[in-house]
Amino acid sequence: MAGEIIIRPIGEDERAAWNPLWDGYLAFYKTALTQDVSDLAWSRFHDPDETMFALGGYVDGRLAGFAHYLFHRSTWAPKRYCYLEDLYVADGARGHGLGRALIEAVYQKAEAAGASRVYWLTQSSNAQARALYDKVADNLGFIQYRKVI
């Protein structure tokens, strides 16, 4: 993959281009969501009253990756935090700087919004992504615990 990379918000009319990437992301994490949950996420990205956003990574005009992020308050800081909830780059577009460009764009959005940090989670076995993450952020060694209710 060689070409011009552009990072911009994913338009409301780009659902058909986003769907295969979303499906690939969910498959990577070996999970599935009901259609209504995916529809709700999509609507939140485009609702001006929501603090959830979707950036697209475009290579030669084609959507090849995304970053979904949101802002929230913290008990530890006066400024909001930015949580990079989902980051995905299509197989054929990996290893060419698109993931880094998406992360850097989220950093810029967070800074512009007055957030004090950007953070995210990944699986410890996600070696390819972690090679990038180790270059662009600090691994603080936290372990996530979860109880689904």
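Reader: Let's start with one side chain. Is Arg8 buried, partly exposed or exposed?

Author: Keep in mind that this is a predicted model. Arg8 is partly exposed here, and its relative accessible area is 33%.

Reader: Who does Arg8 form a salt bridge with?

Author: With Glu14: their closest N and O atoms lie 3.1 Å apart. Glu14 itself is buried, with a relative accessible area of 14%.

Reader: Why does 14% get called buried?

Author: Because the label buried is used under 20% relative accessible area, and Glu14 has 14%.

Reader: Okay. How many salt bridges does a search of the whole structure find?

Author: Four. Besides the Arg8 and Glu14 pair, they include one between Asp91 and Arg94, where the closest N and O atoms are 2.7 Å apart. Asp91 counts as exposed, at 58% relative accessibility, while Arg94 is partly exposed at 26%.

Reader: What about Arg44, which residue does it form a salt bridge with?

Author: Glu50, with 4.0 Å between the closest N and O atoms. Arg44 is partly exposed, at 32% relative accessible area, and Glu50 is partly exposed too, at 29%.

Reader: Now helices. How do I read which way the residues of a helix point?

Author: Here's the general idea. An α-helix has 3.6 residues a turn, so residues three or four places apart point the same way. Now try helix 2, residues 35–45: the buried ones are Ser38, Ala41, Trp42 and Phe45. Looking down the axis of helix 2, you'd find these buried residues within an arc of 100 degrees, so they line one face of the helix.

Reader: And what do the buried residues of helix 2 pack against?

Author: Three elements: helix 1 (15–28), strand 2 (52–59) and strand 3 (62–72).

Reader: Let me try helix 4. Which of its residues are buried?

Author: Helix 4 covers residues 127–136, and Ala129, Leu132, Tyr133 and Val136 are buried there. Down the axis of helix 4, the buried residues fall within an arc of 100 degrees, so they line one face.

Reader: Which exposed residues sit on the face turned away from the buried side of helix 4?

Author: Ala127 and Lys135 are the exposed residues carried by that face.

Reader: And what covers the buried residues of helix 4?

Author: The cover includes strand 4 (81–89) and helix 3 (98–112). Find those two in the picture, then look for Leu132 and Tyr133, two of the buried residues of helix 4.

How values were computed
Residues are numbered from 1 along each chain as its sequence is written. This is a predicted model: local features need pLDDT of at least 70, side-chain atom pairs count only at pLDDT 80 or more; totals for chains, interfaces and linings use all residues. Side-chain values use heavy atoms; hydrogens and water are left out. Buried means under 20% relative accessible area, exposed over 50%, partly exposed in between (1.4 Å probe, protein chains only). Helices (H or I, at least four residues) and strands (E, at least two) are DSSP runs, numbered from the N terminus. The arc is that of the directions from the helix axis to the C-beta atoms. Contact means heavy atoms within 4.5 Å. A salt bridge is a side-chain nitrogen of Lys or Arg within 4 Å of a carboxyl oxygen of Asp or Glu.
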